[in-house]
Amino acid sequence: MRTVDPCPLADRQVCLATRDLARAVLRRLCVTAAGIEPRIKTIIATQTDTPGEYALWRLHGDDGRLLLQFDLLKEPGVAWGNLTGDVSLLGRLANLRTHRPGYFYVHPLSDPRDIAIPLPSNPRGLAPRTIGLLR
């Protein structure tokens with residue numbers, strides 16, 4: 001099924017290339033997350049004080065259960081560095097003002113600083129407890 005692109009015709013190629021890049025980052029994110037903790041199905045991140053940077057906040061399983069919550073005042077550790085980098089890149093790629101939630105595989109939450117990234121290995125989409133947080 002082809003996703004309808006909301007971009008003006010002149011911007012459509014750039015938009016599709018950005019979506020392809022977001023899909024590649026999401027695949028790498030899945031592999032990295034599964035390598036650390038295979039039960040991770042939804043990643044919740046929040047913006048830091050640095051523009052365009054996100055910090056890992058909560059990780060949920062496919063049943064919505066919280067697997068891990070990070071202390072936002074501390075670095076998560078070396079093992080989480082690649083995951084944090086990919087989350088930040090995906091968050092920067094997602095233009096949520098002109099594209100519907102999920103178009104770039106990122107969903108906004110009730111707090112505009114927070115995003116949710118359901119991993120493709122999650123057949124049910126967003127974790128049930130995070131759905132209520134969506135706008």
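**View 1. Phe104 sits in the loop between α2 and β4 (107-108).** Helices are DSSP runs of H or I with at least four residues, strands are runs of E with at least two, and both are numbered from the N terminus. The model is predicted: local features need pLDDT of at least 70, side-chain atom pairs count only at pLDDT 80 or more, and totals for chains, interfaces and linings use all residues. Residues are numbered from 1 along each chain as its sequence is written, and side-chain values use heavy atoms, without hydrogens and water. Phe104 counts as buried because its relative accessibility is 5% (buried is under 20% relative accessible area, exposed over 50%, partly exposed in between; 1.4 Å probe, protein chains only). Beyond its neighbours within four places in sequence, Phe104 contacts Cys15, Thr18, Arg19, Ala22, Leu90, Leu93, Ala94, Asn95 and His99 (contact: heavy atoms within 4.5 Å). Phe104 and Leu21 lie 83 residues apart in sequence, yet 9.2 Å apart C-alpha to C-alpha.

**View 2. Helix α1 spans residues 12-36.** Its 25 residues reach 36 Å from first C-alpha to last, close to the 36 Å expected at 1.5 Å a residue (1.5 Å times one less than the number of residues). Buried residues of α1 include Cys15, Thr18, Arg19 and Ala22. The buried residues of α1 pack against β1, α2 and β5.

**View 3. The largest pocket has a volume of about 320 Å³.** A pocket is an open set of points on a 1 Å grid over the protein atoms alone, where a 1.4 Å probe fits, with protein on both sides within 12 Å along at least five of seven lines; lining residues have an atom within 4 Å of a point. Volume is the space filled by probe spheres set on the points, which are joined across faces, edges and corners. Of 18 lining residues, Thr48, Ala55, Lys74, Glu75 and Pro76 lie nearest the centre. β1 (42-47), β2 (54-60) and α2 (81-93) each supply at least two lining residues. The largest share, 3 residues, comes from β2.

**View 4. The second largest pocket holds about 260 Å³.** Its lining has 14 residues, with Gln47, Tyr54, Ala94, Leu96 and Pro112 nearest the centre. α2 and β5 (114-118) give two or more residues each.

**View 5. Confidence is lowest in helix α3 (residues 128-131), at a mean of 50, and highest in β1, at 93.** pLDDT is the predictor's confidence in each residue, from 0 to 100. The protein averages 82, and 85% of the residues score at least 70.
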